[in-house]
Amino acid sequence: MTNLEKYDNAFMEVLQLDASALNDELVYESVETWDSVGHMMLMAALEEAFDIMMETEDILVFESYPKGKEILSEKYDVAF
Amino acid sequence: MIDYEALLAQKPYGMTQPEKDAFYREAIEDLSKHHAANCTEYAKIYRQFGAGFALPVRLFKLKELKSVPADQVRRTMTSSGTSGQAVSRIFLDADTAARQTKVLSRIVGDFLGQGRRPMLILDSSAVLKNRTMFSARGAGILGFSIFGSGAKYALDENMELNVPLLEEFCRKNENTPVLLFGFTFMVWQHFILKLKEQGLHLKLNGVLIHGGGWKKLTELAVDNDTYKQEIREWTGIDTVLNYYGMVEQTGSIFMECPCGRLHASIFSDVDIIDPVTMEKKSSGRGLIRCTSLLPTSYPGHVLLTEDEGELTGIDDCPCGRKGKTFKIYGRLAGAEIRGCSDTYEKR
């Protein structure tokens, strides 16, 4: 599985979304499942998928589908 | 209005009390004006008593107090009162909710550092089942989850110890500092007493953060020292940090430092009020009045609690954190019995 596939799978499984929903418009609280509970579940899924542990600050600024990719690639060496 | 970004960039315990007093005078004036302009109920109070008048916490049970239009309310938080009791309802818009999370992160980060730790939540996984109505308990767990990674729940849905999970957690984190989080009374009743009952000693190292009130433990004659001792004995955890906070001012909690004092950060302040004259007291016991700079979607910036406390110092804690420190004696006798996050009724 590529990193992008892992990333997308976490979003689709945790937030119960179709692939078509994964785009730049997908931001925190734009869908019902991405609330504060969903957010922590998503973070846990991503940490497990990439075997990383994110910093508190990054959890807080992870507020959209594109922003997440940026954080993972810049700070955690996940290449997309 | 308050420049929250600038405030968040500052050290959470870096402001001396004289600096803070000057800053708060203006900030509370601004916040009071904001709420008076946006909340009709608050406007009446403001006209009569002026800026910074402390609302009794129970007012949030009697009135729907909000300073934003209904369609901007993202989440309603409730104190988890027992059945038959009225609950407080706190209305959060996106800005206030986000601010609460950021401030909590700054405050707790000062004690834990930026790195996250494997986390064990000393509660039942059932707490977060209902995602639309947030109880104080659910909000607390969720709020603190940002400091942990891969959070596990120590208790099953029936509030019983999940022993296999605990053993696995200990094995995995033998050499890693961990974070334990729970509510004061529930940690005692459903975790420590159960470990004792089963003679199960955990070998962990790290920090336990707990809050929610001592009311029930005071009845059982368990004080903070005994609590810490038992935690150390049964889990191996030797840093136990209590916090004081309330659903009406989520985020800007008061953390206990390793010297055992509760600290007000730059995001909130505390005063002791004489319950008879309603004047501020510089020494001795009185009612705790809490000021928080966070709420803009509801007028909860200055609140008179029903808890009794006493100041223990100003800018002088050996831990180096500036500002006021205090201690709590519990609910003031005669105050209304009030649901808090330690209300868990036995089924």
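How many residues of chain A are in contact with chain B, and how many of chain B with chain A? In this predicted model, 13 residues of chain A are in contact with 15 residues of chain B.

## The chain A side of the interface

Two helices of chain A, α2 (36-50) and α3 (56-61), each supply at least two residues of the side that touches chain B. The largest share comes from α2(A), with five residues.

By class, the side of chain A that touches chain B has seven nonpolar residues. Two polar and four charged residues complete it.

## Helix packing in chain A

Helix α2(A) also packs against α1 (residues 3-15) of chain A. The angle is about 145°, and the axes lie 9 Å apart. The crossing of α1(A) and α2(A) is right-handed.

From α1(A), the contact takes A:Lys6, A:Ala10, A:Phe11, A:Glu13, A:Val14 and A:Leu15. They meet A:Gly38, A:Met41, A:Leu42, A:Ala45, A:Leu46, A:Ala49 and A:Phe50 in α2(A). The contact of α1(A) with α2(A) has 10 nonpolar residues, one polar and two charged.

## Domains of chain B

Chain B is divided into two parts: domain 1 (4-69 + 268-331) and domain 2 (101-244). Their centres, taken over C-alpha atoms, are separated by 28 Å. Seven residues from domain 1 of chain B and nine residues from domain 2 of chain B make the contact.

On the domain 1 side, strand β16 (residues 324-331) of chain B gives the most, with three residues. The side of domain 1 of chain B that touches domain 2 of chain B divides into five nonpolar residues, one polar and one charged.

Key: Residues are numbered from 1 along each chain as its sequence is written. Chains are lettered from A and ligands numbered from 1 in the order in which they are written. This is a predicted model: local features need pLDDT of at least 70, side-chain atom pairs count only at pLDDT 80 or more; totals for chains, interfaces and linings use all residues. Domain bounds come from an automatic or database domain assignment. Two residues are in contact if their C-beta atoms, placed from the backbone, lie within 7 Å. Helices (H or I, at least four residues) and strands (E, at least two) are DSSP runs, numbered from the N terminus. Ala, Val, Leu, Ile, Met, Phe, Trp, Tyr, Cys and Pro count as nonpolar, Asp, Glu, Lys and Arg as charged, and the others, Gly among them, as polar. Axes are lines fitted to C-alpha atoms, for helices over the stretch in contact, and angles run from 0 to 180 degrees between N-to-C directions. A crossing is left-handed if the near helix is turned anticlockwise from the far one by less than a right angle, and right-handed if clockwise.
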